[in-house]
Amino acid sequence: MKSAFLFPGQGSQYEGMLNDLPDDPVVKELLEESSEILNTEIQSLHSKNALLKTKAVQQCLLIASVASYRVFVKNGILPNYVAGHSVGAFGAAVASGVITFEEGLRLVTLRGELMENTCGEGYGMAVVLGLDEYTLSKIVNKLFLPGEPVYVSNRNAPTQVTLSGSLAGLQKVIDYVQCHGATSAHLLNVSTPSHSPLFQRVSEELFNELDRLDLKKPKIPISSNITSRLLMQADAIKEDLAKSICYPVRWHDAVNVLYESGTKLFIEMPPGEVLSKLAQQAFPDVRTMSIAKNSIEDCFYILSNS
């Protein structure tokens, strides 16, 4: 049975998340390594106040997912594929051997800083349930104002789509869709308009930084955020990591590619279980697990006997 490991993005973080990682020496080692790289105490990264900042959230997500992945590697268990939602793509790149953990941590730190400094306050994201991408795009285009920009961003499921842009513009769309077919629409706990043209400069800066690195050929294929293709070349992954911040994440399509490639087991790295739930909803015949819900020992058992 083929397996894919999923690396979550922003929205799955919570206060104290790094305290809930598997109790294993390799996790402790990675936490100590992270503290040295960032020159800060780990406990200061996942406090309630710290997680109000995009940079700290992205740092914690990478640390949590890669630390857990290393426990699998230590036990000789590797997936057939990896995929990461938004910033989770950097965790997937580390897991596949394209970049080192230190390179990944420095990249997401830069990414978070650039995102925080590009748009300032008054921007964010929202999620709409019950409308498809085409219908929602027509509504967004109808309500779009240059001074209050809104863009359709992540396609997480056929009728679960996120928006990015100004808070004022997002609220207008939320108010409209609540009266025109949406089953739910609300702002997300995200302070930046990720995956929209507003972050073109961030993408360019990430390209420049990635160009300085010696990216390796991936040992494990990565499902792309942007193209929904299996990436097996370093240059293609570099482009995906850099461009993703200003392009929509086509997550449903990315997981569909894994499913069509024979994946029947999806395991989500900490700290959340959103991605595993989406996979289960999209493909009822697959098995899904998350380390946030299932013990890592249970994941070992299933993988070892699949």
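Reply:

The largest pocket has a volume of about 490 Å³. A pocket is here an open set of points, on a 1 Å grid over the protein atoms alone, with protein on both sides within 12 Å along at least five of seven lines; a cavity is a set of points where a 1.4 Å probe fits but cannot get out, and lining residues have an atom within 4 Å of a point. Grid points are joined across faces, edges and corners, and the volume is the space filled by probe spheres set on the points. The model is predicted: local features need pLDDT of at least 70 and side-chain atom pairs count only at pLDDT 80 or more, while totals for chains, interfaces and linings use all residues. Residues are numbered from 1 along each chain as its sequence is written, and side-chain values use heavy atoms, with hydrogens and water left out.

The largest pocket is lined by 24 residues, of which Q10, G11, N156, L188 and V274 are the closest to its centre. Two or more lining residues come from each of β3 (123–129), β4 (150–157), β5 (160–166) and α10 (274–282). These elements are DSSP runs numbered from the N terminus, helices being H or I of at least four residues and strands E of at least two. By class, the lining of the largest pocket holds nine nonpolar residues, 14 polar and one charged; Ala, Val, Leu, Ile, Met, Phe, Trp, Tyr, Cys and Pro count as nonpolar, Asp, Glu, Lys and Arg as charged, and the others, Gly among them, as polar.

The largest pocket lies between domain 1 (2–118 + 197–305) and domain 2 (123–188), because both give residues to its lining. The domain bounds come from an automatic or database domain assignment. The C-alpha centres of domain 1 and domain 2 lie 26 Å apart. Nine residues from domain 1 and 13 residues from domain 2 take part in the contact, which means heavy atoms within 4.5 Å. Between the two domains about 900 Å² is buried, with carbon and sulfur atoms giving 59% of that area. In domain 1, the residues that lose the most area to domain 2 are L198, H252 and L278, together 44% of what that side buries. Buried area is the accessible area (1.4 Å probe) that two parts lose on being put together, summed over both.

One salt bridge is counted between domain 1 and domain 2; the term denotes a side-chain nitrogen of Lys or Arg within 4 Å of a carboxyl oxygen of Asp or Glu. E133 and R250 form a salt bridge, their closest N and O atoms being 3.4 Å apart.

P271 is placed in the loop between β9 (263–268) and α10.

The largest cavity has a volume of about 40 Å³, and its lining consists of V140, L143, F144, L145, E148, V150, G169, K172 and V173. Both α5 (133–143) and α6 (167–177) give two or more residues to this lining, with α6 giving the most, three residues. Six residues of the lining of the largest cavity are nonpolar, one is polar and two are charged.
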